Amino acid sequence: MPDITVPSASPDLAGRALFPHRHLLSIADLKPWEIRFLLDEAEHWAKSNRGGARKHDDRLKGMTQINAFFENSTRTLLSFEIAGKRLGADVVNMAAATSSVKKGETLIDTAMTLNAMAADVIVIRHASSGAVALIADKVDCPVLNAGDGWHQHPTQALLDALTIRRRKGGFEGLIVAICGDVLHSRVARSNMLCLAALGAQVRAVAPPTLMPPEVEMLGATPFHRMDEGLEGADVVMMLRLQNERMDGAFIPSPREYHMLYGLTPERLAIAKRDALVMHPGPMNRGVEISSVVADHPDRSAITEQVEMGVAIRMACLDVLTRGARGVEGWA
Amino acid sequence: MTKLAIINGKLADPAGSDLASGAILIEDDRIIATGDVSLPPDAQTIDASGLVVAPGLIDLGVFATDKPAFHFGGITRAALMPDQSSPLDEAALIRHATRAGKPDFWVHPIAAATRGLKGIELAEIGMMQAAGAKAVGTGRQWIADSGVMMRVLSYASGLGLTVITHAEDGGLAGKAVATSGETATRLGLPHAPACAEAMAIARDIMLARTTGAAIHFRLVTTRAGFDLIRAAKAEGLKVTCGISPAYLFLADNAVTNFRTFARLSPPLRSEDDRKASIAAVADGTVDVITSSHDPRGPEDKRLPFADAAPGMAGAETLLALSLNLVREGHVSFNRLMTLLSANPARILGVDAGSFVPRSAADLIFIDPDAPWIVDSGKMAAQAGNTPFNRVPVQGRVRRIMKGGVFL
């Protein structure tokens, strides 16, 4: 593993100037050095999370973190919950299925309700693009976007960047192929912006029906043929193909998709010999990725992504609450 | 018998080529003479010095009868879209709609072409015409079934009614809320290619050619769409089209940051299409400028972008924004009044929107350079959903006369 200097995540030197944002809504809002700052902060947590049994840090003690998930999620919700608890926050989960959203309450009313409960940080996932920003506008505390529609999933891009940096040492000149359903993917949108900002050469690889128009504007070069897109890639990032898009709507069938765009060992051989395989999960084994590749001990970074997810979310929760906690230079 | 003479104003006669000095003579609710007229001694004179006198605006295709907004904007008549909570698909509803604004505002309802606007069975268009409908409309969507659309056109032509249609191929448009392009990609919004418009126009022009019917495309917003309309007009087909100021002055990047006030139907287009729209107004391809007034409160607009209702409150800004076209030299003041008044009247078949003797005495006095700032928080409309919030504009209506009576 390349040697990375780990700066202290202690109360900071340059303070708020390093991250002058109230919320974390979109990678598009962040400057490259702000992204790097979050990655450096997360590096500290990655180390401490690996450091034995006692992982607790009490810096968010007494603060309330609400995870408001209007769309189903297992791993992201769990990751945010663990991150909050490791920092000592009181974490409350609100799942849409059991919430008053089902009873017709508007999103703004829900936001006002959460706000009235004096949350100190709110993590939101919603099925509509822009919904998280809409809520963020109405609440007094920092909001973290845990995914809004096809728009953004910034912590996923950050955890992917951290995983890549740990494995590859940096981003400059790195070829990253983001493959699959780019059109409907917030993960792809966040990653394209993030990796391009950090200096990587980003490729978007998708069938034309699943490629957003003018994807170049997000910093990616489009490829319609998997083999061309994988040529010489350092990182192969697969995207999940949603079940409802599989049968005739955007692609003819899962098996044809697997034939043309599935990441098989043969296809992975087109990429660089040491190419890293990533997937934001949950995987459709045998559709976008074959099990041999997904479980490859050296090449697959999929479980490491999950691990870095906790570290990134701890860093984001810490950084965004520094102002409220009165950390010197951040208040 | 009351006689009124409006003197000292500049007259914006849609049939003229320049603003001209002159008087307008009115008897009861009709204009009886304009221009260099000798004033009868018993006429009461009204001084319009410093102001432009023009026909009241006729707004071809609005979604609500919102009188305060219409009066603010100098609109004296509006054609009401059939897309109401109960679609205007039967005579009683039409009759009710015609009465909603009287006496100081006239609503000309557009009859739903099909029952419930479902695009399947013909509605009782003749009965609705007898009840006061002045046109037939497909509403917010096109009619997907080409056979139904052809019968709508052909049936309406027999009654002498124009069919007002929505130019968007429904299959392509689907659930799209934005035009395909950089903005939609960045924001992750469901999008449809701009050609959805031209495809619908191409089909409907062919059906208009076959049936000989008069068709009006309420909002045309793309270069490809205007090219088709231009060609159809050159061929002599009874094809007209309109646009609203939003598509002339905003492009799709106006929805950046998920601004739902800029969520319109059809969605805002590319900058290239916006420029083509201006050119189409300048070269005469566009016949009508409409506000497409659709006031929507926070319950419809303060939502995630894709969940928000489309539409903008446009009545108050229709004239002031359109006057930019005059100031920028794209059209003359008189031509603008043709787009805002005379052509809509012609399409609806009402004797208004003109200075021709026996026209309705619906007049507005315009202070064409008066500056003001659009403020969504202080609008006369039922809701302030304007994408032009905080935009400085020029041109205010100072007085309105409806049917020979000042408001």
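## The interface of chains A and B

The model under discussion is a predicted one.

The size of an interface is often given as the accessible area lost when the parts come together. Between chain B and chain A, about 1500 Å² is buried, and carbon and sulfur atoms give 66% of this area. Of the area that chain B buries against chain A, 36% is supplied by Thr185(B), Arg186(B) and Arg302(B), more than by any other three residues. In terms of contacts, 16 residues of chain B meet 19 residues of chain A.

## Helix packing in chain A

Two packed helices are described by the angle between their axes and the distance between the axes. In chain A, helix H1 (residues 32–50) and helix H11 (residues 302–325) have axes that come within 8 Å and cross at roughly 120°. That angle makes H1(A) oblique to H11(A). The crossing of the two helices, H1(A) and H11(A), is right-handed.

On the side of H1(A), the contact involves Phe37(A), Leu38(A), Leu39(A), Glu41(A), Ala42(A), Trp45(A), Ala46(A), Asn49(A) and Arg50(A). Residues of H11(A) in the contact include Glu304(A), Glu307(A), Met308(A), Val310(A), Ala311(A), Asp318(A), Val319(A) and Arg322(A). By class, the residues of this contact of H1(A) with H11(A) comprise 14 nonpolar, one polar and six charged.

## Helix packing in chain B

Helix H7 (residues 195–211) and helix H8 (residues 223–234) of chain B pack with their axes 8 Å apart, at an angle of about 20°. That makes H7(B) roughly parallel to H8(B). The crossing in which H7(B) passes H8(B) is right-handed. From H7(B), the contact draws on Glu197(B), Ala198(B), Ile201(B), Ala202(B) and Ile205(B), and from H8(B) on Ala224(B), Gly225(B), Leu228(B), Ile229(B) and Ala232(B). Eight of the residues in the contact of H7(B) with H8(B) are nonpolar, one is polar and one is charged.

A further pair in chain B is formed by helix H12 (residues 318–327) and helix H13 (residues 333–348), whose axes come within 9 Å and cross at roughly 140°. H12(B) and H13(B) are therefore oblique to each other, and their crossing is right-handed. Here Leu318(B), Leu319(B), Ser322(B), Leu323(B) and Val326(B) of H12(B) meet Phe333(B), Leu336(B) and Leu340(B) of H13(B). The contact of H12(B) with H13(B) contains seven nonpolar residues, one polar residue and no charged residue.

## Backbone features in loops

Most residues other than glycine have a negative phi, and most peptide bonds are trans. In chain A, Gly281(A) and Pro282(A) are joined by a cis peptide bond with an omega of about -10°. Pro282(A) belongs to the loop between strand S9 (276–278) and helix H10 (291–294) of chain A.

In chain B, a cis peptide bond joins Ser265(B) to Pro266(B), with omega about -5°. The loop that holds Pro266(B) runs between helix H9 (245–249) and helix H10 (271–282) of chain B. Leu117(B) is not a glycine, yet its phi is positive, at about 55°. Leu117(B) is placed in the loop between strand S10 (106–112) and helix H3 (125–130) of chain B.

Note on methods
Residues are numbered from 1 along each chain as its sequence is written. Chains are lettered from A and ligands numbered from 1 in the order in which they are written. This is a predicted model: local features need pLDDT of at least 70, side-chain atom pairs count only at pLDDT 80 or more; totals for chains, interfaces and linings use all residues. Side-chain values use heavy atoms; hydrogens and water are left out. Axes are lines fitted to C-alpha atoms, for helices over the stretch in contact, and angles run from 0 to 180 degrees between N-to-C directions. Helices (H or I, at least four residues) and strands (E, at least two) are DSSP runs, numbered from the N terminus. Angles under 35 degrees count as roughly parallel, over 145 as roughly antiparallel, 65 to 115 as roughly perpendicular and the rest as oblique. A crossing is left-handed if the near helix is turned anticlockwise from the far one by less than a right angle, and right-handed if clockwise. Contact means heavy atoms within 4.5 Å. Ala, Val, Leu, Ile, Met, Phe, Trp, Tyr, Cys and Pro count as nonpolar, Asp, Glu, Lys and Arg as charged, and the others, Gly among them, as polar. Buried area is the accessible area (1.4 Å probe) that two parts lose on being put together, summed over both.
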